[in-house]
Structures are given as C-alpha cells and as structure tokens.
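Have the sequence and the model at hand.

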Amino acid sequence: MSVPALDRRGFILQHTRLLPVPHAPEIALHVADEATELWQKTEDELATIGLPPPFWAFAWAGGQALARHLLDDPAIVRGRRVLDFASGSGLVAIAAARCGARLVQACDIDAFAAEAIALNAAANDVTVAVRLEDLVGCDEGWDIVCAGDVCYERAMAESVVAWLARLSARGAVVLIGDPGRSYLPKDRLEALASYAVPVSRSLEDADIKHSTVWRLKG
C-alpha cells in the first residue's frame with residue numbers, strides 16, 4: 001500500500017520542525033524533534049502504509065561533515081554536476097546548490113525522502129532535482145558524487161563502493177562522509193577533512209561523532 005504524495009508531505013510537516021543543521025547552520029531542515037518517538041511510530045503505527053525507517057528526518061553525522069566541507073570550500077562543486085546519493089534529507093545536495101553547482105541531483109529510494117528533499121530545498125531557496133530511484137550502476141557523467149553514511153550495512157556498502165569506484169576510475173570526484181561506520185573501506189580512501197559533529201544520542205552512541213570526509217581513490 002502506498003501513501004499519496006500529499007499525505008507524505010503532511011506527515012513530514014506534522015512530525016518535524018524546520019531547524020538549522022548543528023554543524024551547518026546555514027542550512028535548515030525539517031527534522032524530528034525526538035528521534036525515538038518518530039522511529040517507534042514508523043515501526044508500530046505506520047508499517048501497514050509502507051513507511052520505511054525515517055532516515056530523512058535527521059541530519060546524520062556523515063552528511064553533516066560533507067555539507068560542512070562543501071560550504072567551507074565552495075570551489076569543490078562550483079559550476080559542476082553533482083549527485084548526492086542516498087540523499088535522505090537532501091542536506092548535502094542543498095549545500096552543493098548553495099555553493100554554486102551547475103546541476104544538483106539528489107537520489108533516494110524512499111518516497112518520503114524524496115518529498116523531504118523537495119521540502120528542504122524549497123525551504124533553503126535552492127534548486128535540487130529529486131530522483132526517486134536506485135542509481136547504483138548508472139553513470140550520467142556527474143563530476144562530483146557525494147555519499148554520506150552509506151557504509152553501515154555490509155551488502156549495501158560493498159555494492160555502493162564498487163559502483164562509486166567505477167565512477168572514480170573514469171574521473172568523477174567521489175566524496176564519502178562517514179563517522180566510522182562498520183563497513184567503511186578505509187584502504188581505498190584518502191582523508192580530506194575531519195569534523196566533530198553534534199548528533200542525537202538517541203540515534204548514535206555519543207553526542208559528538210568524529211566524522212571524516214574521504215575521497216575514494218580511482
């Protein structure tokens with residue numbers, strides 16, 4: 001059973017507030033006030049309507065690090081074609097758009113995330129093309145590909161990193177934001193910057209997550 005787009009939008013607006021991102025306060029996102037309450041509602045009350053875990057409702061550590069990195073050095077993306085993979089809230093895509101990227105696409109396989117990205121882009125007065133699809137295996141000539149917090153599950157990490165490595169090998173700059181997830185392939189990465197990122201203890205195991213922006217080696 002699917003939820004109409006208007007219902008998704010209404011759900012997001014009902015269960016979130018527009019707040020500045022802790023480590024990138026230039027950007028505001030519709031985020032959940034209390035992580036555990038929304039997560040429980042997702043699991044218990046909304047399973048019958050097919051609502052996945054609301055990853056879109058939080059500013060995750062890896063994404064915050066990536067957004068901060070771009071905002072501090074806009075030349076990385078200025079005038080370039082950018083893909084924010086597994087975008088969630090759209091945080092990194094919004095940062096890229098604010099930094100003058102020529103084209104910004106944000107993709108996610110969750111329809112709620114797609115709606116949240118559209119809402120958040122509008123709230124920050126930037127243009128982001130939202131793509132509700134799985135782009136793993138695709139290559140549309142992006143100059144920069146950003147991926148935050150994608151190495152928390154083995155199968156996903158292996159599939160995504162293999163695809164990103166192919167993009168890197170043909171010349172794309174692949175940036176990965178990660179706070180030390182279990183399946184991060186550090187031997188294939190070059191550290192560019194590290195940040196102490198404020199996060200919710202109800203989502204993570206600490207109030208501060210030391211997060212690194214990595215470049216995937218070609």
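The questions below turn to aromatic pairs and then to one helix of this predicted model.

Q: How many aromatic pairs does a search of the whole structure find?
A: Ring centres must lie within 6.5 Å to pair. Searched as a whole, the structure gives a count of seven.

Q: What kind of pair do the rings of Phe11 and Phe112 form?
A: Planes over 60 degrees apart count as edge-to-face. The ring centres of Phe11 and Phe112 are 5.8 Å apart. Their planes stand at 80 degrees, so the pair is edge-to-face.

Q: How many residues apart are Phe11 and Phe112?
A: Phe11 sits in helix α1 (residues 5–15), and Phe112 in helix α5 (residues 111–123). Both residues are buried. The pair links distant parts of the chain, with a separation of 101 residues.

Q: Is Phe58 buried or exposed?
A: Phe58 belongs to one aromatic cluster with Phe55, Trp60 and Tyr152. Buried means under 20% relative accessible area. Phe58 has 6% relative accessibility, so it counts as buried.

Q: Which residue caps the N-terminal end of α5?
A: Look for a side-chain oxygen by the backbone nitrogen of Phe112.

Q: What span does α5 reach from its first C-alpha to its last?
A: α5 has 13 residues. At 1.5 Å a residue, 18 Å is expected. The model comes close to that, with a reach of 18 Å.

Q: Which residue takes a positive phi just after α5?
A: The phi angle there is about 55 degrees. The residue is Asp125.

Terms used
Residues numbered from 1 in each chain as written. Predicted model: local features only at pLDDT ≥ 70, side-chain atom pairs only at ≥ 80, totals over all residues. Heavy atoms only, no water. Phe/Tyr/Trp six-rings, centres within 6.5 Å; stacked < 30°, edge-to-face > 60°. Helix = DSSP H or I, 4+ residues; strand = E, 2+ residues; numbered from the N terminus. Buried < 20%, exposed > 50% of the residue type's maximum accessible area, 1.4 Å probe, protein only. Expected span 1.5 Å × (residues − 1). Polar contact = N/O pair within 3.5 Å; in protein donor to acceptor, adjacent residues only side chain to side chain.
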